Amino acid sequence: MLQHVYLIPLIPLAASLLILLGAKEDPRSPMPFLGIAATGWCLLQSIAIFYGAATGELSLPYGADWNWFSFGATAGGKPFLYDMPVGVLIDGSAAVMLVVVTLVSFLVQVYSLSYMRGDPRFKRYYAYLSFFTASMLGLVVSSNLLVTFSCWELVGFSSYLLIGFWFERPEPPYAAKKAFITTKLGDLGLYLALMLIFCQVGSFQIPQIREFVARGFMPAAVATAIGLGILCGAAGKSAQFPLFIWLPDAMEGPTPVSALIHAATMVAAGIYLVAKCYFIFAISPVAMETVAWIGAITALLAATMAVVSYDIKRVLAFSTVSQLGFMMCALGSWGFSAGLFHLTTHAAFKALLFLCAGSVIHAVHTNDMRQMGNLDKKMPITFFATLVGTFAIAGIPGFSGFFSKDMILERVFEHDPRLFVILAISACLTAFYMFRLVFMTFLGQERDLDRYLHAHESPWPMTVPLFVLMALAAFSGWLLDRGEIFTRLVNFQALPGIAPAHEAAHAPAYLTWYVTAFVFFAIYLAFRLYGGSNFREAESIKRRCAPVFNLLERRYYLDDIFLALVGLSDRAARLAFWIDSEVVDRFFVDGWGLLMLALARLCHLFDDNLIDRSVDATGGLSVSLGGTLRWIVRRGLVQEYLLWSAAVMSVLTLLTLPAQRYCLGASVGLGLLAILTLLLVRRPR
Amino acid sequence: MNILSLITFLPLAGALLVLGLPKESKRAVQIVALLSSGLTLVLSVGLYFLFDRHTSSMQFVERLPWIPSIGVQYFLGVDGLSYPLVLLTALMSFVSLVASLNIVNRVKEYFFWFLILEVGMLGVFVSLDLVLFYVFWEITLVPMYFLIGIWGGPKKEYAAIKFFLYTLTGSVFMLLGILAVYFKSDPHTFDLLVLLQAHPDWSARFQILIFLAFYLGFAVKVPAFPFHTWLPLAHVEAPTAVSVVLAAVLLKMGVYGIMRVSYGMLPLGFQWFLPFLVIIAVINIVYGALCAMAQTDMKKMVAYSSINHMGYCLLGIAGLTVTGFSGAMLQMINHGLITGMLFILVGVIYDRAHTRDINAFGGLAAKVPLYAGLMSLACFASLGLPGLAGFVSELLCFLGAFARWKVYTAISVIGILTTAAFFLRMIEKVFLGPLNPKWDKLTDLDAREVCALLPLVILTILLGIYPKPALDLMNATVLHMASLLK
């Protein structure tokens with residue numbers, strides 16, 4: 001089955017194009033089923049691969065490459081044709097990601113059948129979803145980092161399309177643009193990292209890069225630069241500090257999209273990318289530490305912001321950011337398997353929570369938790385599902401999140417206790433804000449009667465995916481942890497000669513229960529503050545700590561910084577254009593033209609007044625001379641004029657010629673002339 | 001078989017035929033023009049199958065004495081550098097002619113001048129004699145002058161004269177350069193292929209001086225900062241189809257000149273100029289993108305984005321690597337396709353709404369989905385989305401430059417972000433959000449517009465996913481060019 005693994009991204013792509021171009025928009029169009037079928041096929045393939053790998057039937061990693069295009073390159077000063085390959089590379093982490101992506105995508109598509117019913121662009125929605133699935137799967141299976149990057153961008157593009165899906169309202173297009181630009185900002189770092197990799201290694205193929213690093217050809221400083229560049233890209237896509245500002249706004253998209261793209265899969269791409277390039281981080285302690293600290297900071301900041309939000313989807317969005325921070329921090333603390341394990345379990349329970357939130361929003365038509373309450377009896381399945389998801393994310397023993405979070409905390413404790421403290425606090429905050437969400441939404445008293453009366457349980461296409469995800473959120477941790485299936489399948493094969501950094505301490509066994517106790521305390525606190533029908537106590541705390549709440553609600557002013565940057569770039573643009581139109585064009589180019597024009601005027605003046613006037617003056621002189629002459633002779637006799645002319649001519653000739661030799665001739669001539677003159681003058685009129 | 005002459009002068013035959021037709025029979029004029037240009041396109045495409053991809057030498061060479069007393073020849077030929085551009089010229093001219101079918105004013109003259117323009121553009125890319133090259137180079141100016149000056153916008157006369165004078169100033173310096181190399185060469189010759197071998201005898205000082213002369217001529221066409229300000233003006237005032245060929249083909253003449261003449265003939269001058277060239281490239285990229293961001297006129301925005309994209313070409317060239325050269329060559333083709341598409345699309349909305357102000361629209365995606373889809377496609381192609389043509393060539397340009405200029409390349413990636421910002425803002429303001437009720441009656445693309453756009457759309461996607469056919473045409477020549485470098 002592995003030799004046809006390249007079909008896994010191609011089939012959803014084909015489905016997407018067919019859906020987009022193949023039929024007219026119609027609410028009863030069968031096209032969505034095409035997308036579901038395509039993803040379903042991919043899901044079966046992925047499960048088969050995963051199962052094969054877990055049982056050891058398939059030997060991973062598997063790779064296959066084809067020639068894509070050729071271009072000229074230089075190596076050691078000699079130009080040659082470089083054949084850029086495109087190919088697949090399936091290792092343990094790719095096998096896991098395949099299952100995660102196809103499973104969530106499949107369930108979300110089923111869920112959307114009901115959620116998006118009646119939307120005027122129902123068909124197009126499915127085309128976009130299939131396109132997203134295709135690019136995400138391409139990102140997972142590619143063996144070529146350039147192709148990975150291409151799919152990475154396409155994933156961002158589909159996210160842009162889907163966030164802005166309801167584009168008639170003003171907010172979604174803005175949120176879509178913000179998401180695209182913010183992630184693009186991070187991608188610039190990734191782009192430069194790719195160039196540096198190609199410059200160093202002369203290839204984008206992951207096995208070759210790994211070989212290059214393993215042989216110790218890559219200096220640590222270069223690895224640090226590359227690692228930080230990759231981290232930039234990952235921070236954009238996986239919403240890490242300080243680029244996470246786009247994710248809460250991305251909630252403007254349809255909720256199933258948030259579940260798929262902005263919770264389970266796309267935002268995990270950054271984590272996956274860091275894992276894919278882990279061997280580069282492995283030789284750069286600086287890059288590794290940066291990953292860990294960025295992750296920890298993100299985890300804490302996002303958790304604190306989730307505590308104050310009233311929008312059910314935004315709470316979940318901040319929670320996603322926070323959990324991604326956990327994963328990042330795990331990766332940075334040499335917890336390769338732990339980070340990816342949490343990625344897997346998180347995909348299940350966060351998708352579940354988002355779909356539950358979608359179910360609630362579908363029922364009450366608002367995102368504001370202050371207008372909900374007491375929905376547990378009206379929507380029992382959703383309530384139960386949310387509860388399972390919350391148990392999982394809070395790390396209640398036995399549920400999936402408990403296993404993965406425990407693994408991370410242990411790993412981080414051994415790496416750096418300071419990071420452990422940050423993550424432990426974040427874990428308690430997680431439990432607090434998640435139970436706050438459950439209490440506000442489902443318990444207490446109804447706060448908006450209209451909405452409460454309107455509420456109802458969702459139809460089966462929406463609840464069936466909930467059941468599947470519920471099972472996974474509850475048991476996947478236990479299943480994958482059992483016999484250490486996951487760590488065996490997904491692990492980082494250490495590079496020869498490079499050991500993990502020195503471990504600070506060994507994690508004591510009671511650590512888990514210590515943290516769990518605090519988690520339960522946080523849940524109790526949430527119950528005290530939000531479990532009742534009014535939140536008087538919570539409100540009073542909020543009033544007393546207004547500055548803190550304000551800071552959190554303003555998201556640490558990161559949005560304002562972002563806006564200021566946008567304003568700054570706008571100003572830079574206007575300045576550039578002013579320089580262009582006023583200085584370069586008007587002053588230099590037009591100025592040059594005017595200078596030339598002035599010069600031309602000057603020439604004209606000179607020409608007109610001096611040259612031409614002197615010509616005219618010459619003419620005038622001759623005219624006046626002639627006039628004078630005529631005035632002197634003024635008889636009108638042509639012959640007489642001729643005589644004068646001849647006389648003057650001969651005199652002139654005489655004057656110019658040497659005198660002696662022509663004396664005789666001249667006197668004779670003069671004599672003849674005189675006779676002639678007399679003859680002429682005496683002639684009667 | 002004189003296939004290159006046939007390709008080059010078929011539009012001229014068409015132009016003469018158009019001249020002979022009565023002024024009133026507009027339909028006949030259009031048919032003749034389309035036929036002659038279409039035939040040129042067919043022949044150029046036919047050449048694709050005859051073109052030998054494994055040799056870097058000139059193919060389909062034609063050589064006749066023209067002015068024997070001073071050694072001027074009629075000398076044509078194409079290689080991997082010029083043939084893709086011939087193909088691009090033939091395609092874009094035909095597409096522009098299709099897009100021009102809605103011209104109603106002085107139809108006969110319009111198509112006459114357009115065909116003459118096509119002759120000039122094709123001639124520049126196929127001629128291998130410097131005098132012939134110069135003649136074709138200058139021939140393009142006259143039709144452009146009339147096309148902008150007669151069928152242009154409100155400030156057409158000013159734009160036309162500025163365009164004409166600016167480019168003429170540049171080409172005068174080029175003429176000086178041509179004469180200088182003629183008299184320097186021994187025996188005196190205008191033969192480009194001979195001159196390409198002559199540089200070992202030339203001193204560095206001479207090469208630098210002559211490089212600058214040629215550079216002035218080419219830089220105005222590219223256009224490279226600071227000689228670019230004629231471009232936004234000419235674009236804004238020119239009619240749609242003229243903008244299309246201006247951006248898609250005429251700008252490429254500058255880059256082609258730098259790669260063909262300056263680089264090969266004056267390597268020492270080229271290397272001396274390299275640090276300046278890379279700075280100019282970075283300015284073109286970042287500053288061009290910033291200027292584009294400040295625009296509210298869509299056409300002017302696209303015009304400034306052209307400056308930004310030609311900066312990528314310059315950056316690739318400045319890398320002085322095979323990869324960078326490949327990137328620059330591919331970028332010329334891709335930019336031609338993508339910007340051609342953008343200008344046609346901007347023309348479409350201007351024809352209907354009589355405004356190009358970004359702020360005047362809103363929510364059009366619901367009203368004109370096909371138009372919105374294609375415009376978004378063109379914008380994303382232009383901002384370098386993988387899977388569309390622009391990405392691969394930009395990447396190759398950057399890769400090529402990065403090997404030599406790490407810091408400058410790192411600065412230029414800001415241009416990518418800025419490009420994304422202004423195109424996305426345009427999409428948001430024009431197509432998304434609530435529908436502006438003023439445009440309730442707007443109609444979607446008609447058949448003529450779709451016909452003009454479709455080949456460009458298909459090629460943009462095709463070259464984005466599978467750039468191999470285009471790169472294979474160029475590879476042998478690029479490798480040969482790189483071997484000149486010591």
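**Conventions.** I note that this is a predicted model, in which local features need pLDDT of at least 70 and side-chain atom pairs count only at pLDDT 80 or more, while totals for chains, interfaces and linings use all residues. Residues are numbered from 1 along each chain as its sequence is written, and chains are lettered from A and ligands numbered from 1 in the order in which they are written. Helices (H or I, at least four residues) and strands (E, at least two) are DSSP runs, numbered from the N terminus.

**The hairpin of chain B.** I found that E1(B) and E2(B) form a hairpin with 4 residues between them. In the turn, Gly71(B) has a positive phi of about 75°. Glu62(B) has Leu76(B) in E2(B) as its bridge partner. I also checked Phe60(B), which lies in strand E1 of chain B. Its phi is near 55°, a positive value in a residue other than glycine. Phe60(B) is buried, with 20 other C-beta atoms within 10 Å. A residue is buried if 20 or more other C-beta atoms lie within 10 Å of its own, exposed if 12 or fewer, and partly exposed in between, with C-beta atoms placed from the backbone.

**Helices of chain B.** I next examined helix H3 (residues 83–99) and helix H14 (residues 322–353) of chain B, which pack at an angle of about 5° with their axes 10 Å apart. Axes are lines fitted to C-alpha atoms, for helices over the stretch in contact, and angles run from 0 to 180 degrees between N-to-C directions. H3(B) and H14(B) are therefore roughly parallel to each other, a term for angles under 35 degrees. Among the residues that meet are Leu88(B) and Met92(B) in H3(B), and Gly336(B) and Gly340(B) in H14(B). Contact here requires C-beta atoms, placed from the backbone, within 7 Å. By class, this contact has 10 nonpolar, 3 polar and no charged residues. Ala, Val, Leu, Ile, Met, Phe, Trp, Tyr, Cys and Pro count as nonpolar, Asp, Glu, Lys and Arg as charged, and the others, Gly among them, as polar.

I then turned to helix H6 (residues 141–151) of chain B, where the buried residues include Phe146(B) and Trp151(B). Their cover includes helices H4, H7, H10 and H11 of chain B.

**Between the chains.** I recorded that the contact takes 39 residues from chain A and 45 residues from chain B. On the side of chain A that touches chain B, the largest share, 13 residues, comes from H6(A). By class, that side has 27 nonpolar, 5 polar and 7 charged residues.

**Core.** The largest nonpolar core has 433 residues, and Leu352(A) and Leu314(B) are among those with the most contacts inside it. Such a core is a set of buried Ala, Val, Leu, Ile, Met, Phe, Trp, Tyr and Cys residues joined through C-beta atoms within 7 Å. I saw that Leu352(A) touches residues including Ala385(A) and Ala473(A), not counting residues up to four places away in sequence.

**Backbone entries.** I found a cis peptide bond from Phe241(A) to Pro242(A), with omega near -5°. Another cis peptide bond joins Val222(B) and Pro223(B), with omega about -10°.

Methods:
Contact = placed C-beta atoms within 7 Å. Parallel < 35°, antiparallel > 145°, perpendicular 65-115°, else oblique. Pairing = 2+ DSSP bridges.
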